[in-house]
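Dear colleague,

Please find the structure below. My notes on what was found in it follow directly after.

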Amino acid sequence: MSFASPIFLWFFMPVTLVAYWLLPGRWRNALVAVVSLVFYTWGAGAYTGLLLSAIAVNYAAGIAIDSDRLRDRPRPRLWLLIATVVWNLTILAVWKYAGFATQQIDALSSALGLGHTPIISLALPIGISFFTFHHLSYVVDVYRRSRPAQKSPVQFVTYIAMFPQLVAGPIVRYHEISEQLADTDRRKLDDLAAGFPRFALGLAKKVIVADSIAPVADAAFAQADGQMTTATAWLGALAYAIQIYFDFSGYSDMAIGLGLMLGFRLPDNFDRPYSAYSITDFWRRWHMSLSRWFRDYVYIPLGGNRHGRLATYRNLCVIFVLCGLWHGADWTFLAWGLYHGMLLVFERACGFDRLPENVLVLVARRAVTFLLVVVGWVFFRAETMTEAVHMLGAMFTWQPGAPDEFVVFALDRQRSLILVLALAVVLFPVTFSFGRLVETGRGPVATAARAVMTWVAAPYAGVLVAAGTFSPFLYYQF
């Protein structure tokens, strides 16, 4: 069930919100837990059993790690944490990476003349990357004693399965939300008033912008396995850069808005990433919940930047290889992660962040950073490394000719206008954030923005949804 689908917008969400606001406080977490499992079952079917088994194991492990029996026994406590982490990562590895691994083994075996080997083919459970990281955050936070174990199974299921963030984030670290789970008096009109405009903003980003631009990107990348002009390549790369940003940030805005209407303050996930002055700055602004997760649970435990430059460079590359593979089991995602890791190493080694901060230098840095990010998206979007190389070759070696006829057909006047206006986001002031303005802004401008989201953008997006013009969110596949 997509947030941008008729059944969600006109049945599931209103029924859930009405029930939530009518129930006594002590029943609200139970309602969120139940409707979240219904939401997940709607899309995942039998894989709900996998989610429930993961919830049961991590709930029991958290209580055991925090128990009085293990309080003064550090070694058994550590081994229990390791076993739980390994169990979670094994579940993720089997369902997400077994197919890719067996394909590579089969290819190597065939190349060596040893014949074919079996290939595992498993459907990817929806949201497995996200709920696995939530479970890992929980057991590690409990082990570190930053938060006590969750004794209430209802509150634990609410944390893991909460439908606004279950399928595609934001990734909520347990210590960010544990106190909110215990608060049974979350019914505040201010939250409802701020939550719906934020949800409407995300719906507009997804339906009006991302889904409009998607056919342009699809048409261009469909030509990536053959001859393509430079114009086609650049139009496709720029269109996809706009599509993925408005699609994913739109989902995050919808999730944050839904969470707020249910009384939960979920962390922001985007902060104008295409305004970044460097790749380092980009990752402070793009998918921020994932960046924070890797920082807290992988980068810092590896030593962070505390053990010299070479160790820091190694840690950065490790983090971004893992980040690439987290997004998908394919060489293209591995290349995308390694590309960003190497850019971060280059920036640190060359002092890119320490350049003078006059206006011309800052404009140049923003332009270069945006260009580098767009190049990276080619790896992320391409079906194969061969397609990525072909498209990058067309982008950086002159291939004369007009854009491909399918791209021209897709890029009608309306989509051309949307693409130009969306690209203008990189020209806005760096400090401007429309999401924060809509949610927490004060004054007539903020009031007008919320009114436009509620009474103009949301109804128009609803009409487009009713017309069947929406598509699944891109991050549902991760």
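Leu-262 counts as buried, because its relative accessibility is 0%; buried means under 20% relative accessible area, exposed means over 50%, and partly exposed lies in between (1.4 Å probe, protein chains only). This residue is found in the loop between helix 11 (230-261) and helix 12 (279-285). Helices here are DSSP runs (H or I, at least four residues), and strands are DSSP runs as well (E, at least two), numbered from the N terminus. The C-alpha atoms of Leu-262 and His-134 are separated by 19 Å, and the two residues are 128 residues apart along the chain.

Please note that this is a predicted model, in which local features need pLDDT of at least 70 and side-chain atom pairs count only at pLDDT 80 or more, while totals for chains, interfaces and linings use all residues. Residues are numbered from 1 along each chain as its sequence is written, and side-chain values use heavy atoms, with hydrogens and water left out.

Helix 6 (residues 128-143) has 16 residues. From its first C-alpha to its last, helix 6 reaches 22 Å, close to the 22 Å expected at 1.5 Å a residue; the expected span is 1.5 Å times one less than the number of residues. Helix 6 is mostly covered, with 15 of its 16 residues buried. Arg-145 follows helix 6 and has a positive phi, near 65 degrees.

Next come the aromatic rings. How many aromatic pairs does a search of the whole structure find? The search finds 45. Rings of Phe, Tyr and Trp (its six-membered ring) pair if their centres lie within 6.5 Å; planes under 30 degrees apart count as stacked, over 60 as edge-to-face and the rest as tilted. One of the pairs is Phe-12 with Phe-163: their ring centres are 5.3 Å apart and their planes are at 90 degrees, so the pair is edge-to-face. The pair links distant parts of the chain, since Phe-12 is in helix 1 and Phe-163 is in helix 8 (residues 163-166), 151 residues apart. Phe-12 is buried at 8% relative accessibility, and Phe-163 is buried at 2%.

Phe-333 and Phe-380 also form an edge-to-face pair, with 5.1 Å from centre to centre and 90 degrees between the planes. This pair, too, links distant parts of the chain: Phe-333 lies in helix 15 (residues 331-350) and Phe-380 in helix 16 (residues 359-381), 47 residues apart. Phe-333 is buried, with a relative accessible area of 10%, and Phe-380 is buried, with 5%.

A disulfide is a covalent bond between the sulfur atoms of two cysteines. In this search, a disulfide is a pair of cysteine sulfur atoms within 2.5 Å, and the whole structure has 0 of them. Cys-317 is partly exposed, with a relative accessible area of 23%, and Cys-350 is partly exposed at 48%.
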